[in-house]
Amino acid sequence: MDLHDNPEQASFRAELRQWLADNLPAGWGKTVREPDDPEALVAFLKQWQLKLYEGGWAGLDWPSEYGGRGASLAESMIFGEEYALADAPNMINMSVGAALVGPTLIACGSDEQKRRFLEPVLKGEDIWCQGFSEPGAGSDLASLRTRADLEGDHFVVNGQKTWTSFAHHSQWCILVVRTDPESERHRGLSFLLVDMNSPGITVRPLKEMTGHEWFNEVFFDQVSVPRENLVGELHQGWNVVMTTLAHERGSSSQHARLALQLDRLAQAAREPRADGSRAADDPLVRQRLADFAGRMMILRMSAWRHASTLDAGGVPGAEGSTLKILWSELDQEVKSAAIDLLGPRAMIPAGDPDAVDEGYWAYELLWSRAATIYAGTSEVQRNIIANRVLGLPRR
Ligand SMILES: Cc1cc2nc3c(=O)[nH]c(=O)nc-3n(C[C@H](O)[C@H](O)[C@H](O)COP(=O)(O)OP(=O)(O)OC[C@H]3O[C@@H](n4cnc5c(N)ncnc54)[C@H](O)[C@@H]3O)c2cc1C
């Protein structure tokens with residue numbers, strides 16, 4: 001693995017850097033940031049997504065026949081790094097629409113589904129949510145109970161999903177349901193595309209400890225879904241789920257944004273505090289930051305190694321689990337260290353005149369708690385490594 005850009009990669013990096021400089025709003029990151037109001041934020045992010053699409057930067061790794069750029073994994077990694085360096089806005093629906101729905105439909109969808117759904121994802125016109133987890137089925141997804149009965153040309157869906165990110169802003173949902181009532185576990189499941197405006201759907205946002213509403217409970221009461229919205233074969237939805245999850249766990253560019261946050265923390269440690277001292281004067285603080293910097297490098301190397309394996313024709317697998325643990329646990333430690341270094345005032349949330357750095361670290365600390373849960377908990381990732389890498393027996 002060579003970590004230096006080859007000539008094509010260097011020109012790709014330069015083109016992207018220039019495009020971001022030309023297209024981010026004037027004063028971005030200094031006087032201008034995303035709006036706070038949730039509705040205004042969604043409108044802003046949709047506009048930004050359209051700009052990315054028009055500039056040829058949406059669906060980077062999707063094949064060009066589906067509106068993507070057909071970029072290599074190395075280019076996707078470069079994109080993640082440059083995008084984080086520019087501190088560009090989070091891409092709306094990246095984690096579900098572009099990262100999960102697109103690749104799943106490209107691999108398993110019908111021609112009509114590809115024609116109808118793919119381009120609006122890249123343009124940010126259709127926002128998608130992921131209806132997998134239920135109150136009794138998270139890590140153990142195969143125990144899900146939401147039911148869909150096939151009645152003529154449509155399914156009738158009843159049940160409940162939970163932790164459904166962005167459902168309150170979504171037009172569509174990828175929904176896993178039990179279509180064979182006699183079945184158990186992963187047999188007898190099906191994968192549906194559900195219009196979130198269908199009668200019988202109730203979305204109830206859950207307020208998190210950050211104070212924001214990100215995920216939701218979603219209730220389905222006699223919801224009608226046309227049969228043509230079935231992805232893959234009836235009762236064979238688990239194969240489609242596996243395609244989706246392989247993409248969810250294969251993500252490998254989060255390190256770039258965390259590296260930027262670590263720089264921001266090191267900078268904050270150099271700033272004089274109220275009593276004139278600086279956190280960075282303390283050798284233990286310097287050691288802690290140096291330890292993070294070393295682990296950041298390991299994380300970056302691991303992310304590139306993961307990308308190289310995939311580029312060489314491998315499938316996302318156990319390396320993805322290692323990366324997820326490394327990243328999510330370092331993320332939590334960096335955010336906790338920020339509060340230790342900056343003092344208890346750093347916990348004051350945004351909007352309060354006493355907040356440090358406009359409540360940035362308070363929000364980041366609270367949000368980071370989710371990182372070891374979503375996209376497979378740390379315990380589940382360790383089980384994968386134990387079974388598939390170390391060959392330890394299952395109990
Ligand atoms: C911010 C956030 C966003 C999310 N967004 C979505 C979304 O959009 N769509 C969606 O469908 N889901 C979403 N989820 C749900 C997420 O996928 C689940 O929370 C996750 O799979 C864990 O399931 P659970 O919460 O039911 O916990 P459980 O599976 O009940 O786990 C509880 C605890 O037991 C441990 N555990 C479970 N099984 C094992 C085992 N076999 N061995 C050892 N330990 C085990 C877990 O690690 C955990 O600590 C989101 C979660 C978060 C935090």
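In the predicted model, a polar side-chain atom of Glu 379 lies 2.6 Å from an oxygen atom of the ligand. Taken alone, the ligand exposes 970 Å², and the protein buries 65% of that area. Thr 377 likewise places a polar side-chain atom 2.6 Å from an oxygen atom of the ligand.

The ligand is surrounded by 16 residues, of which the closest are Gln 130, Ser 139, Trp 163, Thr 377 and Glu 379. By residue class, the shell consists of seven nonpolar residues, eight polar residues and one charged residue. Two domains supply residues to this shell, with at least three coming from domain 2 (128-235) and at least three from domain 3 (250-389).

The domain assignment divides the protein chain into domain 1 (7-92), domain 2 (128-235) and domain 3 (250-389). Over C-alpha atoms, the centres of domain 1 and domain 2 are separated by 30 Å. Eleven helices and eight strands make up the secondary structure elements of the protein chain. The radius of gyration of the chain is 22 Å, close to the 21 Å given by the globule rule for 395 residues, so the chain is as compact as a globular protein of that length. Along the principal axes, the C-alpha atoms of the protein chain fill a box of roughly 75 × 50 × 45 Å. Of the 395 residues in the chain, 45% are buried.

Gly 131 belongs to strand E1 and counts as buried because its relative accessibility is 0%. The C-alpha atoms of Gly 131 and Leu 192 are 9.6 Å apart in space, while the two residues are 61 residues apart in sequence. Glu 134 is located in the loop between strand E1 (128-131) and strand E2 (147-151). Although this residue is in a loop, Glu 134 is buried, with a relative accessible area of 7%. Its side chain makes a polar contact of 2.8 Å with the side chain of Thr 146.

Asp 153 is found in the next loop examined, between E2 and strand E3 (154-161). With a relative accessibility of 56%, Asp 153 counts as exposed, whereas Glu 134 is buried. A separation of 75 residues along the chain lies between Asp 153 and Glu 228, yet their C-alpha atoms are separated by 8.2 Å.

Two further positions involve strand E8. Asn 229 is in the loop between strand E7 (213-226) and E8, and at 10% relative accessibility it counts as buried. Asn 229 and Arg 204 are 25 residues apart along the chain, and the distance between their C-alpha atoms is 24 Å. Leu 230 is placed in strand E8 itself, which spans residues 230-231. Leu 230 is also buried, its relative accessible area being 11%. From C-alpha to C-alpha, Leu 230 and Gln 261 are 42 Å apart in space, with a sequence separation of 31 residues.

Asp 87 has a phi of about 50 degrees, which is positive although the residue is not a glycine. Asp 87 lies in the loop that connects helix H3 (73-85) and helix H4 (94-108).

Glu 358 is exposed, with a relative accessible area of 71%.

Methods: Residues numbered from 1 in each chain as written. Predicted model: local features only at pLDDT ≥ 70, side-chain atom pairs only at ≥ 80, totals over all residues. Heavy atoms only, no water. Near = heavy atom within 4 Å. Polar contact = N/O pair within 3.5 Å; in protein donor to acceptor, adjacent residues only side chain to side chain. Areas by Shrake-Rupley, 256 points an atom, 1.4 Å probe, with all protein chains shown as cover. Nonpolar A, V, L, I, M, F, W, Y, C, P; charged D, E, K, R; others polar. Domains from an automatic or database assignment. Helix = DSSP H or I, 4+ residues; strand = E, 2+ residues; numbered from the N terminus. Rg over C-alpha atoms; globule rule 2.2 N^0.38 Å. Buried < 20%, exposed > 50% of the residue type's maximum accessible area, 1.4 Å probe, protein only.
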